[in-house]
Amino acid sequence: MAGSICQTRLLSLFDYKTEKYIVAKNKKVGILYRLIQLSIIGYIIGWVFLSKKGYQETDEAIQTSVITKLKGVSVTNTSESGVLVWGPEDYVIPPQGEAVLFVITNFLETPNQNGRCIRKDENSTSTCEIYGWCPTERKYKPQGPLLANAENFTIYIKNFIRFSKFAFSKSNVLKTNDDSYLKKCRYDEELHPYCPIFRLGEITRRAGHNFQDMAAFGGSIGIMIEWDCDLDKGDSRCHPRYHFTRLDISSDKTVAMGFNFRHTRYYKNEAGESYRSLFKVYGVRFNIMVNGKVGEMLFFKCWNVSKICVCLILANLYLTSKSTKKIDQLILCLLFFSKYKQ
Amino acid sequence: MAGSICQTRLLSLFDYKTEKYIVAKNKKVGILYRLIQLSIIGYIIGWVFLSKKGYQETDEAIQTSVITKLKGVSVTNTSESGVLVWGPEDYVIPPQGEAVLFVITNFLETPNQNGRCIRKDENSTSTCEIYGWCPTERKYKPQGPLLANAENFTIYIKNFIRFSKFAFSKSNVLKTNDDSYLKKCRYDEELHPYCPIFRLGEITRRAGHNFQDMAAFGGSIGIMIEWDCDLDKGDSRCHPRYHFTRLDISSDKTVAMGFNFRHTRYYKNEAGESYRSLFKVYGVRFNIMVNGKVGEMLFFKCWNVSKICVCLILANLYLTSKSTKKIDQLILCLLFFSKYKQ
Amino acid sequence: MAGSICQTRLLSLFDYKTEKYIVAKNKKVGILYRLIQLSIIGYIIGWVFLSKKGYQETDEAIQTSVITKLKGVSVTNTSESGVLVWGPEDYVIPPQGEAVLFVITNFLETPNQNGRCIRKDENSTSTCEIYGWCPTERKYKPQGPLLANAENFTIYIKNFIRFSKFAFSKSNVLKTNDDSYLKKCRYDEELHPYCPIFRLGEITRRAGHNFQDMAAFGGSIGIMIEWDCDLDKGDSRCHPRYHFTRLDISSDKTVAMGFNFRHTRYYKNEAGESYRSLFKVYGVRFNIMVNGKVGEMLFFKCWNVSKICVCLILANLYLTSKSTKKIDQLILCLLFFSKYKQ
């Protein structure tokens, strides 16, 4: 008797239970109902799949490396420093081509400072009674940039990106057989998107500021490189895009303009005593930031989910000949597919 | 005949099929059923929408720029180097105000090294038979920091952030008309959240360590700046928050304490021969890291999804006068809305 | 009368309405139906939960700090510079142990440049009529690396990571009582995963290139450190993994090989006049990039969602004794659970 109940229960597990339906032959209601279904499917396919690319796997963990190189020469003539010739090895700090670099456009040298300050006669200005380096730096209000032609310097930005998920790597420098191309080209969004050489004046202009205004007191410019790549369309459609912003003026107008710092050069005289030159340098700081993402339709994932969807729909068609429920399941299936793309 | 079947099939596509329902007038079961529905809707609205802000679009791709500046002077007196005055241009490496910077608190100078090591008499210590710089650096076990007052140095951190999706940018420096404010203020979470000036000793104290202990052998401090902004509440509610951690002691107590490196200054004598000073410097390395996200309710997205939801519900109300199914559709609609917020 | 209708409507809100079912005792259809249900549940549990770890909360906002230190000595002998001994303080730029560092493997020194160029007799090569530093740098095509044994230099990489969401921090350096371990060990994926000391030659070999080939003209190597940690399995299962890539050769073979830059050392003679040495340095640039994520099952979240699921299923079981609908709700519940893990 107990076995019989158990058996009945087990068998009933494989009963197919379905709702009783009424078919209302009301065309108005029927069309409205189909329209609603169509709009939902249209929304999922149109917005989620095509517009948002829900069928793709994406990778936002960009690995990036930036190398910079400047070109240009300037000459300054000041009472403290005399005639000086400035090459990139002098006006770029640090010189090794980092993603954050500083270009000197203005400076004040305090030469021959030494650490032993002797009290001279009272009306001398270079007297200091505390420990310190003498003579002390004079008060200095920049009048204009000393490296006036700094806006004609050019910066070459080499950016390498890699996405490990898709083993995809690319550079912002053009593959070319013309060796001299990278010596004479200038960046242009339309004509030369793979020539990463910019005039400094052009960069500040694109950021909405005048180079000469920035150069006297210094400033900070952000260079954003954005990579938004759809690998399904081919590697050649994956371009870098450049944006330029001034970083020391924010949208809420906080007071933080200008940029300067001090650095030193140390010397020793014949007696082995140290003396130094103190440089207060003003200039433009460039901060190169890279971000990006790639998307690709992965066959395995696609096939994996599609298979289940197709099974589901086919089985459903078999089970219920004329049902609205299969459309509900199609929606659930699409939801699924778009959800587990990651 | 065939046409007739086809026509019938086409027309039947617009039949409205609905389930047959039984209404059970059981109050206990009915109340329980409504309670379950309420709890699901409450969960979605309360947790997903209000607590997790599912209705907002977020942007986590922060673009950030950090500039630092130190202030403070110290004096050291050692047998090798004599009396030295240390300003920021000397004790900050590199001097140009990077997000990763090193503050010297202790050092050992080996002056007058030259590359030609001559074999002197046997009991001389400065003899070297291999190629190298002589005299070689002596063994040195730091006793205490030489720049003892380094904990009173102040660091000024200027952080600029930008989120390109919302064209929102902000800085951690207060907009003020009082020019001298940034000269005398000190950071305080409650009173001065927009004064980004910190005593070094205060930073290590907040990281749970004593500056003098770190200063002798060196160490590494992480300064995290977090921006978590809800733009719907207005820009003024978007504050930076600062966290401080010691980076050279990890939670699993790995052996990696202390921080030092060597750098050199090169000189030439009258004969044009090179000699140098080798500095082994100990100190505190500050590593400023910024992360953050912003959220904002985008009207277009909201309207787009809401419209479909509203249509769906209204149409449903029309089709089925007294149905629990409309609540299921409300849930599906809410799920949708929260899912495609990104 | 109006009150009566209102009351009826209110009461009918608590009616429990259920669909009428037909039980089809068709075993074939029933088994197929159950199989479909099982495959969906299997997919969710197997793929979403177990494979994709849908039950975990993840944190990808890694906070990371990298410190590097090089060891090794080399000797060069050139006509311009004479015999030079190179220690890490000389061949690493910058010397302070950054995550991006440059190791000099080849150089050209132009010593004793000064800013006053006098026109000498016509057949002199060091004449310049424009402003500039003289003598000018000679044309130089590297024949081979001058620091030939640079491939035997070792780099020690100290990487500290922290995930603020789980207050989890770890370092890539082993906790050990053996002080000398970090002096003699070399990284090995199997034997010494926590010894972060690499021969430079080994790094380029793993990146698929020969160090001597890179060393003459310079190059750029990316060192990726990946942390993928499942905290549910314990901290000790959270290992760093190292990957090495050459960054100046991209997959689309863009022309951008080699790496060099110029830097200077300034001197003054007895008369206080400046002269300098200009160094054009070639070498390998190492760029250490860290990324990672951690996952952990958070009890609160789990409990929170599970509770609702369990309630839902129990109530459902009570309401409908033998229903397929409870399986649909189980699916919805699982979907919920996996969706709101973040």
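Me: A polar contact is a pair of N or O atoms within 3.5 Å; within protein, one must be able to donate a hydrogen and the other to accept it, and residues adjacent in sequence count only if both atoms are side-chain atoms. With the side chain of which residue does C:Glu109 make a polar contact of 2.5 Å?

Reply: This is a predicted model: local features need pLDDT of at least 70, side-chain atom pairs pLDDT 80 or more, while totals for chains, interfaces and linings use all residues. Side-chain values use heavy atoms, without hydrogens and water; residues are numbered from 1 along each chain, chains lettered from A and ligands numbered from 1, as written. The side chain of C:Glu109 contacts that of C:Ser277 at 3.0 Å. At 2.5 Å, its partner is C:Ser81.

Me: How far from C:Glu109 is the nearest side chain of opposite charge?

Reply: C:Glu109 lies in strand E8 (residues 100–113) of chain C. The residue is buried (under 20% relative accessible area, 1.4 Å probe, protein chains only). C:Glu109 has no salt bridge (Lys or Arg side-chain nitrogen within 4 Å of an Asp or Glu carboxyl oxygen). B:Lys268 holds the nearest opposite charge, at 4.6 Å.

Me: Is A:Lys71 buried or exposed?

Reply: A:Lys71 sits in strand E4 (residues 62–71) of chain A. Its relative accessible area is 55%. The cut-off is over 50%, so A:Lys71 is exposed.

Me: What is the relative accessibility of A:Leu35?

Reply: A:Leu35 belongs to helix H2 (residues 27–51) of chain A. This residue counts as partly exposed, between the two cut-offs of 20% and 50%. Its value is 49%.

Terms used:
Helix = DSSP H or I, 4+ residues; strand = E, 2+ residues; numbered from the N terminus. Lys, Arg positive; Asp, Glu negative; His and termini not counted.
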